Amino acid sequence: MEHMLLLFILFIPILGLTNGTETEQDFTWHLKKIPQIVSERTFSLESPKFEAKTNLELNSVCGIECQRKLPLPSLSDLKDLLSYETVFENGTRTLTEVNVLGLVLDPAGNTTTRRATRKKRQIYGTDSRFSIYDKRFMTNFPFNTAVKISTGCSGILISPKHVLTAAHCLHNGKDYVKGSKRLRVGLMKTKSRGDGRKRKGARRSRREVSAAQKDPEGATELRQQSKGGRRKQRRSGRKQETSDSMPSFQWTRVKSTHIPKGWFKGVSGDIALDYDYAVLELKRPHKRKYMELGISPTIKMMPRSMIHFSGFDNDRSGQLVYRFCSISDESNDLFYQYCDAEPGSTGSGIYLRLKEPNKKKWKRKIIAVYSGHQWVDVNGEQQDYNVAVRITPLKYAQICFWIHGNDENCTQG
């Protein structure tokens, strides 16, 4: 199974070139000029209450038919929607108002493209997810970029100090969720035999247990490792192989979080999936390979319309879960798809492999954030999809601005 998985990962982009209607040059990362997001004014707000409950499934949001009817936001609207809140680890909060420069509004308006009939359930038919057990995959790119958020979601490393995730993992549209005040990010590591015999093992164990108290979802994994974990590893057969390969997490504090104002109720009238993304700045940098941002192409420009992402699904506790699938529908800001996924994987970075310009090398880039299983309004009825927020040129500019603190490094994407 592991070898089959590796073959899928390596050759899916190539398989997309074999249907006779697509050519190799179609599947290239095309550099685009990016609008500028410029900070105009920052002022302090009252500290959040941090009392909201985490909700990993959202209802009554604007769906495919609704997206078609939405008017294009004006430049003034975009300035308001792309202004953002920053919450710091001490609980203080600021609002930054922005200006948007160099933007050419598309007169075509909102469009959607449909490719398949609708289905239901978060797992559609046969469960096509892969649990990653092999350490060669788990601790290497691209799987090592997946991280766990202490509120119960997933995320992806986008710089040495930044993580991209879904806004609803931190904020329900009215208030920040419980646990987001002391937010932690779990970076994967694999536990090898004899870890407990190391001289600094006890100190590290106390630190991990302390972090687990902040993260109830991760506490079970840590208890299993600290209480008899080595005894379980001695069992024969597949259980031994799984236990040896089960990831543990190095928990890192979050220094600050950025969420676009468009996510908040009252600005857009209701929570808007278009703005369901957030960036976390870590207190300390990591030394792992991260994944670069890319601007989301249309489904016609993707090999077999295929996307990939990895996260920590709740029904497979302690496991990194990888999946891939084809996109079914798209709008200007959202992908609608039926990738098999469960709560816990929300916030994962969705990525794609395309050729680099003027090179034969294929490169992975993040093109969307997995928002999760959502109920959306379609012709007055509620339909369910697995939805992802596309990284448009504007969102690329904003996320890039959050990473670098200026727009000088964000002119092309």
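A total of 9 salt bridges is counted, a salt bridge being a side-chain nitrogen of Lys or Arg within 4 Å of a carboxyl oxygen of Asp or Glu. The structure is a predicted model, in which local features need pLDDT of at least 70 and side-chain atom pairs count only at pLDDT 80 or more, while totals for chains, interfaces and linings use all residues. Residues are numbered from 1 along each chain as its sequence is written, and side-chain values use heavy atoms, with hydrogens and water left out.

Among these pairs is Asp-80 with Lys-261, whose closest N and O atoms are 2.9 Å apart. Because Asp-80 belongs to helix 3 (residues 75-82) and Lys-261 to the loop between strand 11 (247-260) and strand 12 (278-282), this contact ties together parts 181 residues apart in sequence. Helices (H or I, at least four residues) and strands (E, at least two) are DSSP runs, numbered from the N terminus. Asp-80 is partly exposed at 32% relative accessibility; buried denotes under 20% relative accessible area, exposed over 50%, and partly exposed the range in between (1.4 Å probe, protein chains only).

A salt bridge also joins Asp-313 and Arg-323, with 2.8 Å between the closest N and O atoms. Asp-313 is located in the loop between strand 13 (306-311) and strand 14 (320-331), and Arg-323 in strand 14, so the pair links parts 10 residues apart in sequence. Both Asp-313 and Arg-323 are buried.

Asp-333 pairs with Lys-395 in a salt bridge, the closest N and O atoms lying 2.9 Å apart. Asp-333 is buried at 15% relative accessibility, and Lys-395 is buried with a relative accessible area of 3%.
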